[in-house]
Every structure is written in C-alpha cells, then in structure tokens.
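This report describes selected features of one protein model. Please consult the sequence and the structure shown below while reading.

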Amino acid sequence: MEAWRAVGSWLADVFLWLRGFPVRRTASFLMSSQWWEPEELKRYQDELLRRLIRHAYDNVPYYREVMQQRKLTPADFNGVEDLVKLPVLSKDEVRKNYHRLEARDCRGERFIRTTGGTTGEPLRVVTDKHTGVWSAAAFRRGYSWAGYRPGSGLAKLTGGSLGPGKETWRQRLRSWLTGEIFLPAFELSRENVKLYVEKIKNRRVRFLRGYTSTVYQLATLIREAGLRLTLEAVFTTAETIHPFQRQTIIETFGCPVFDGYGCGEINSVAFECEEHRGLHISQENVVVECLRGGERVKAGEMGKVTLTDLRNYAMPIIRYQNDDLASFATEPCSCGRGLPLLEKIHGRSNDFLVAADGRLVSGSFIPHLFRHTCGIRQVQVEQAEDRTLTIRMVKGPAWSLEEEKMVVQLLQKYLGGLEMHLEYVPEILPTPSGKLKFVISRAAEQIF
Ligand SMILES: [Zn+2]
C-alpha cells in the first residue's frame with residue numbers, strides 16, 4: 001500500500017508543480033541545506049534578508065516610510081544583526097497597516113492566511129506561491145526527522161484554523177493519492193473515538209498530527225475506552241506541549257512525539273528532530289529572535305518570539321511579534337544539523353503569572369494545583385497589569401470554606417503575597433476563539 005501511495009504522492013507533487021508549486025524540488029534542497037555548516041546557513045540567510053529588505057524598501061509603502069523616518073536604506077542591512085534597526089511589528093500594526101504592508105509589485109496568485117488568536121479578532125496575512133512552497137517544503141523536511149516520507153500516510157486531527165473546512169475536490173484527490181486523512185478535532189468524543197481509531201487503522205496510516213491538546217484528548221479517550229493504536233510518530237503543534245501530555249501520548253501510541261512550532265501568519269518555523277533536544281529553526285525561511293525589553297536575550301533566557309518571514313514577498317512580515325515566549329538552546333544539537341535550536345516554546349505571555357518577587361510562573365501549574373480540591377470544579381486566575389489577582393471559581397457539590405482557604409494558601413505559596421479577589425461564577429466561559437483558559441495575565445506582558 002505504501003509503495004502505491006509513494007507513487008500517488010509523486011503524482012500529487014507533479015500536479016502541484018504544474019500549478020507552480022515545486023514543493024518536492026524545494027524540499028530536496030532543504031534536505032541538503034540542513035547539513036550545511038552554521039556559518040554557511042547564516043550567510044545564506046543574510047543574503048535572503050538583504051533581498052527581502054531591498055524588496056520591502058522598493059515596493060512596500062509601510063516599510064518605505066519606516067525606513068525613511070529612520071534614515072535607513074537597504075545598504076544599511078548586511079545581515080540578521082542589522083534587523084534591530086527596524087521596529088518590531090505587532091498584530092495591531094498589521095491590522096492597522098494592512099494595505100500598506102502589501103507589496104505593490106506583487107503579481108500572480110495570492111493567498112490569505114487567517115488566524116484566530118486568543119482575542120478572537122482574526123488577523124489576515126497575504127502570501128504568494130513562493131511562501132506556500134517553502135513552507136510546505138519545510139514541513140516535509142521537519143516531518144522527515146520522524147521517519148515520515150510522502151506516502152507514509154498521515155492522519156490530520158484538525159479543526160479551526162488548522163483544518164481544511166469543507167474539503168475541495170483537489171484536497172480529496174490529494175488525500176486519496178497520498179494517504180493523508182482528515183479527522184475533525186472538535187467532534188472527537190467518548191462516543192465516537194472508536195471510529196477515529198478504525199479509520200486510522202483501515203487506511204494504514206502510521207503518523208498522526210494535530211493540536212497538542214486534541215492529540216492528548218485522543219490519547220486519553222483511547223486509554224479510557226481500552227482501545228489500542230500503535231503509530232510510528234505523532235506530530236504536535238499550535239500549543240505548548242507539557243511533559244505530562246508528552247508522556248501520555250508516547251505511552252498510548254507507543255511512539256515518539258515530535259513537536260513543531262509555527263503560527264498562522266508564519267508557518268513551519270521550527271521542528272523537533274530525532275534527538276528531542278529542542279526545535280530546529282527553518283533558517284532558510286525565517287529569522288527568529290527572542291526579545292525582552294527590545295533587546296535580544298541570551299541563550300537559555302526566555303524572550304518574546306519575533307519572526308521575519310524571508311519567503312513572503314506579497315506582504316513582507318519583518319520582526320513580527322505574536323505573544324509567544326521561547327528560549328534558544330545553550331548547546332548545539334547532537335544530530336549535527338547546522339540549523340539553530342530553540343530549547344523550548346514556553347507558551348504565550350498571557351499564560352504566565354508574575355509572582356510578588358517578579359518571578360514568572362507558568363499558568364499550566366493551575367490545573368495541577370486543584371487536582372485534589374473536589375469542592376471546586378473550575379478555577380481561572382486573572383492577573384491585572386498591577387499584578388492584582390482575580391480568582392474565579394465554580395463551586396462543586398463538595399464545596400467548603402476550608403477548600404477556599406486552601407486555594408488562597410496554594411496561590412500565595414507559589415505567587416507570594418499578592419492582592420487577591422475571590423469570585424464565584426456559575427461557569428467559566430471559553431475565550432472567543434474557543435479555548436478554555438486557566439490563566440489570563442496582563443502582568444507578564446509588561447515584562448517583555
Ligand atoms: Zn537536532
């Protein structure tokens with residue numbers, strides 16, 4: 001079956017190539033460039049950046065103005081180090097300057113990438129064919145580190161911004177040719193988990209990809225239902241993967257997990273290799289900086305992810321900040337690839353609470369904290385800019401004043417003596433994008 005699907009994938013690539021998407025050729029370039037020496041990769045990236053800056057200066061009204069205000073010309077940019085001469089680009093600025101960020105000379109087919117975001121207000125970014133090709137090729141390379149080859153079969157547990165919506169005939173044909181199947185993430189439940197497992201088994205799919213939380217949910221449901229599903233690798237994306245999630249996924253599917261990082265605006269930013277020491281940046285496509293207070297942080301320190309898409313000429317995105325926090329690895333990866341390594345994606349800045357002494361505390365500890373408090377069904381902690389906490393709780397049947405005291409004590413233990421307000425609510429509502437958040441923090445944003 002796999003041999004047939006390899007032929008099918010080749011055919012699908014020919015169709016793509018005929019439509020102007022040479023993904024296979026680009027992927028094979030990336031397969032070789034990953035082994036270049038770091039200096040050679042850096043030179044290549046610097047060259048791409050110089051070209052992008054020249055293009056932005058000549059054709060993009062927003063960047064023309066920004067550079068003129070700062071008395072800069074493309075000659076002031078030799079490489080990635082010079083990026084600091086340009087301001088960072090926030091989501092709001094992209095929204096405000098949407099049309100002024102579009103390149104005037106861009107001809108040919110354009111595509112729109114839309115992202116939900118936690119505020120629920122969608123953000124749109126225009127891309128061209130070139131962007132899509134390099135991004136797809138980087139995906140292919142990243143997944144190859146887990147042993148995936150076109151034709152291996154991939155189940156995509158997707159929905160929302162990752163999902164295909166209604167499948168077009170092209171997608172259906174592609175799915176048939178390549179062995180890629182779509183499983184709707186939001187419809188997954190205890191009742192239908194068996195159908196999901198059967199579909200994966202019947203199509204002899206050996207790889208699974210999805211949002212971290214939905215893959216974890218699938219794993220949990222499979223265990224609860226006493227089902228078995230063995231895979232070769234699982235790809236998680238879009239959300240921080242916590243150690244307990246990784247462990248459950250590994251044990252359920254009997255295979256390693258490969259995390260990937262990207263955002264709707266800029267895909268395929270970094271992928272985990274077989275050494276599992278962090279995520280290698282797709283350096284031929286993107287520049288990643290980690291900033292704190294506008295300065296680049298040292299390796300090992302957490303900073304705000306700042307991305308420059310080297311392959312989007314339709315709407316150049318330079319030094320874009322998406323609220324994620326990450327740190328660079330202090331040691332190179334033992335796999336020998338020349339691509340730089342991110343040690344960890346820590347999550348969004350609004351997932352971090354700031355303790356009384358200024359320490360950053362990941363909000364992921366909140367659900368663990370309340371595992372044993374059966375009188376409180378749900379908790380949400382909101383932190384204002386001045387670090388004041390509002391604790392929202394949903395009472396369970398076994399609620400008591402003792403439990404309330406315990407909640408306050410636990411939070412004080414981790415966060416120190418911050419001002420706290422307790423509120424009881426009938427339920428905790430999801431954000432407009434549908435995520436149920438344990439922590440909403442406006443304090444961490446002030447630090448970065
Ligand atoms: Zn590696």
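## Zinc site

Four donors count as tetrahedral if all angles lie between 85 and 135 degrees; donors are N, O and S atoms within 2.8 Å of the metal (3.2 Å for Na, K and Ca), and water is not among the atoms, so sites may look incomplete. By this criterion the site of the zinc ion is tetrahedral, with angles of 100 to 117 degrees among its 4 donor atoms. The coordinating atoms are SG of C273, NE2 of H280, SG of C333 and SG of C335, at 2.1 to 2.3 Å. Their residues follow the sequence spacing C-x6-H-x52-C-x1-C. Both C273 and H280 are buried (under 20% relative accessible area; exposed is over 50%, partly exposed in between, with a 1.4 Å probe and protein chains only).

## Basis of the model

The model is predicted: local features need pLDDT of at least 70, side-chain atom pairs count only at pLDDT 80 or more, and totals for chains, interfaces and linings use all residues. Residues are numbered from 1 along each chain as its sequence is written, and side-chain values use heavy atoms, with hydrogens and water left out.

## Helix α12

Helices (H or I, at least four residues) and strands (E, at least two) are DSSP runs, numbered from the N terminus. Helix α12 comprises 15 residues, 401-415. Its buried residues are E403, E404, V407, L410, L411 and L415. They lie on the same side of α12 because they cover an arc of only 125 degrees around the axis, taken from the directions from the helix axis to the C-beta atoms. On the other side, E402, Q409 and K413 are exposed. Just after α12, G416 has a positive phi of about 80 degrees.

How values were computed:
The expected span of a helix is 1.5 Å times one less than its number of residues. Four donors count as tetrahedral if all angles lie between 85 and 135 degrees; four count as square planar and six as octahedral if opposite donors are over 155 degrees apart and all others between 65 and 115; anything else is irregular.
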